[in-house]
Amino acid sequence: MVEFETLETKEVKFGTNKFLEVARKRAKTPEGENNFISISKGFVLPTGQKRFKNALGFEAKKEVVQGLIEALTAIKESIE
């Protein structure tokens, strides 16, 4: 059985009731644990409850995160 623990989250709101959540998480199994980063897309119901639609997960390694930051920065510069 896998147990997930959320270590840290940041949220980016967009549109009327949509958001992106960037989170650092830990998956624990009897064999050990694995830290990863997830980027999830979701929306907020009229009741205020969050629902998630899609997610992307990858290893929580500095070089992977740095590569993602560089890619997003390059794209950001092209749309400003």
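1. In what sense do E2 and strand E3 pair, and over how many bridges? E2 and E3 (residues 32–44) pair in the antiparallel sense over twelve bridges; pairing requires at least two DSSP bridges between two strands, and strands are DSSP runs of at least two residues, numbered from the N terminus. A hairpin of two residues joins E2 to E3, and Arg26 has Asn35 in E3 as its bridge partner.

2. The model is predicted: local features need pLDDT of at least 70 and side-chain atom pairs pLDDT 80 or more, whereas totals for chains, interfaces and linings use all residues. Residues are numbered from 1 along each chain as its sequence is written, and side-chain values use heavy atoms, without hydrogens and water.

3. E3 also runs antiparallel to strand E4 (residues 50–59), to which nine bridges join it. Phe43 has Arg51 in E4 as its bridge partner. Five residues lie between E3 and E4 in their hairpin, and Gly48 in the turn has a positive phi of about 95°.

4. Lys25, in strand E2 (residues 18–29), has a relative accessible area of 19% and is therefore buried (under 20%; exposed is over 50%, partly exposed in between; 1.4 Å probe, protein chains only). Beyond neighbours within four places in sequence, the contacts of Lys25 include Glu5, Leu7, Asn34 and Phe36 (heavy atoms within 4.5 Å). The C-alpha atoms of Lys25 and Leu7 are separated by 5.3 Å, at 18 residues apart along the chain.

5. Phe14 belongs to strand E1 (residues 3–14). Its relative accessibility is 33%, so Phe14 counts as partly exposed.

Definitions and conventions
Helix = DSSP H or I, 4+ residues; strand = E, 2+ residues; numbered from the N terminus.
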